[in-house]
Amino acid sequence: MKKSVFKFVIPAALIFLTLSYSCKKLLNQPVVNALKPNNLATKAGVDGLLIGAYATLEMNPDVTVGGTWGASPSNWHFGGIASDDANKGSNATDQPDAAAIMNHTVDGSDAYLEQKWSVCYAGIQRVNDVLREIPLVKDGSLTTDYAAEVTAEAKFIRGVLELELCKVFRNVPYVDESITYEKGNFNVPNPGPIWDKVEADLNAAITVLPATQTQVGRANKYAAEAFLARTLMFEHKYTDALTLFTDLMTNGVTSSGAKFALNNNFNSNFDAAMKNGSEAVFAVQMAVNDGSGGENGNPGDVLNFPAAGPTTCCGFYQPSFSLVNAFKVDPTTGLPLINPDGTWGAFDYDGKTITPADTFNGGNSHNTSGIRSDQGVLSTDAIYFPDTTTPVDPRLDWTAGRRGIPFLDYGIMPGSSWARAQGDAGPYINMKNVYRQSEAATQSQSYGGWAPGQASAMNYNMIRYSDVLLMAAECNVEGGNQAEAERLVNLVRNRMASHPENWVKGRLTGYGTTDGALDTGKPIVDNTQNAANYKIGLYTGQISTGTKEFARQAVFFERRLELAMEGIRFFDLQRWDGNSGSGAPEAAGYMATVLNAYLALNTSYPNYTEPDSKGNPVVSPYFANTVVQGATFTQSRNEIYPIPNQEISNEHGALKQNPNYP
């Protein structure tokens, strides 16, 4: 592999010796200001190396090739905007590397790919440094038991990073502690997936790791179990994965010893003041105001704040129309709109031409509106009110900021003034990475001197307990136990169904006036009412007695709602597709079918304004997402990403490009 950057090496200029020495004498002098392995051969040295390995889970490419957001652990790019979850955001020409990921024209020259690859392998190199260092400790400071635990933690980190690489690139080299620059064996090939190696590292971690840790950010055995189970899901080993999920559900605890459980409030998972709770199976630890200039405050998501309101930049990663409309529910049952045969129901715009006969805001023969939005409406337009008629899942307004609905504790979201380029990215605002206004002083700081308030102490939850429950539900569907799958899906849904006090409150009822004119800066809000028409029900036999395909799609759809905007959607579609290997639940081409249908619609949503005097919709020009105009997801290519060209060059022929990429 490419020689990595070591955080523990002091890269200061070497002290120049006097010119009176001969060249031979100069070359024979010991290197100064360089840290040798023997200098670290103590417990403190090993702990320092392990901390450095954990630090790479933040995936900040500043430690390798430079850059900030291309390797983000949230995968807002590779897992988010590349799917039907979100638009890139900002204006069409900003961050062209992200645009190429979104419209599936990405190739090996994309800088985000190089950042992801390099930071993951830098982390693996740091793990390998830990494993190589442990045998060198001879001073008695490192007990046998502690050495075994550190080895297990290191292999856990390596397994997590390997899984990340496999998700994005699939065919990657396996680099363990036997691969070194000094041995010259660092040109490692990538003949195929390394799932067996990921399994081996995580199994080794499970065997030794304790159930609890004295430091909350360190991995325990259940975190390793969860990542192993997730790995098995990518391999379609559902029986083996279910065994692990069952243990997690029965015995699993967080590293601080709290039994895994769903938080009563869905939004508690995205509250910086409530991190590391009972639902956090494993989280990447973020921190601010620690002297790092924001570098430890989730730099990978620094772009993904509203362009106004909580911060002043940068308007990336905006929820799509398709995602928001997916939160529509049946007005009677409160269930997602899925047909009995497993096909999706009419929750989204169908692409047909709107006519005056179509009813404004939904319920018409063409389902032309989805959920009403303020696309094309100015923030100063005081006539606009949000859709309070269409029944929606209450998780929607903890997931996407919508005009006329309270945005956390910032008050009513004002609409287009918070979206940097509504015409290119739509009207909705990312929420899950935004801290509360009341916590800004303690949970945020400026990032790098240019992004005020955009470093955040909010952890990134790599695996939440609801994710565990829904993966277990998948396993049960594939294993023929649809009744248990229904029970697990209902556990996730019941979190919100049984806690209406945690639905977003604050119904916009009007606007105050300034100099006799309505003023959108003075919203009138009834905080005794729900902000929208929320409804969420439980399944009552539809999964347990329905077709297998219905059961699958019910679980798939639940994952889309529950885990929206968490960088997971693309990789779910990937592993469900037959191109991902034998045993996949859907046929080859499933992912292409879903995403090409989405791409076709994502350039043609109608912009709604107020109804005319007869109640008919008035439609302005279609939403035209220029980033995906003419885009196509190509089956048997775009399911995975290309190997970075720079890495292929570095390996001198050992690395091969992924299929069907130039």
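In the predicted model, Asn75 has a relative accessible area of 2%, and because buried means under 20% relative accessible area, this residue counts as buried. Asn75 is placed in the loop that runs between helix H2 (43–55) and helix H3 (76–81). Leaving aside residues up to four places away in sequence, the contacts of Asn75 are with Gly80, Lys116, Glu164, Lys167, Gly567 and Phe571. A further relation across the chain is seen with Met565, which is 490 residues apart from Asn75 along the chain, while the C-alpha atoms of the two residues are separated by 9.5 Å.

Attention then turns to charged side chains. Side chains of opposite charge can pair when their charged atoms come close. In this model the count of salt bridges comes to 34, and among them is the pair formed by Arg560 and Asp84, in which the closest N and O atoms are 3.5 Å apart.

Asp84 and Arg569 are both buried.

Helix H16 contributes Glu562 to another link between distant parts of the chain, the partner being Arg395 in the loop between helix H10 (321–326) and strand E4 (400–401), 167 residues apart. The closest N and O atoms of the salt bridge between Glu562 and Arg395 are 2.9 Å apart. With buried defined as under 20% relative accessible area, Glu562 falls in this class because its relative accessibility is 0%, and Arg395 does so because its relative accessibility is 1%.

The pair of Glu562 and Arg395 is, moreover, part of a network of salt bridges, in which these two residues are linked with Glu279, Asp393, Lys432, Arg464, Arg493, Arg495, Glu558 and Glu566.

Definitions and conventions
Residues numbered from 1 in each chain as written. Predicted model: local features only at pLDDT ≥ 70, side-chain atom pairs only at ≥ 80, totals over all residues. Heavy atoms only, no water. Helix = DSSP H or I, 4+ residues; strand = E, 2+ residues; numbered from the N terminus. Buried < 20%, exposed > 50% of the residue type's maximum accessible area, 1.4 Å probe, protein only. Contact = heavy atoms within 4.5 Å. Salt bridge = Lys/Arg side-chain N within 4 Å of Asp/Glu carboxyl O.
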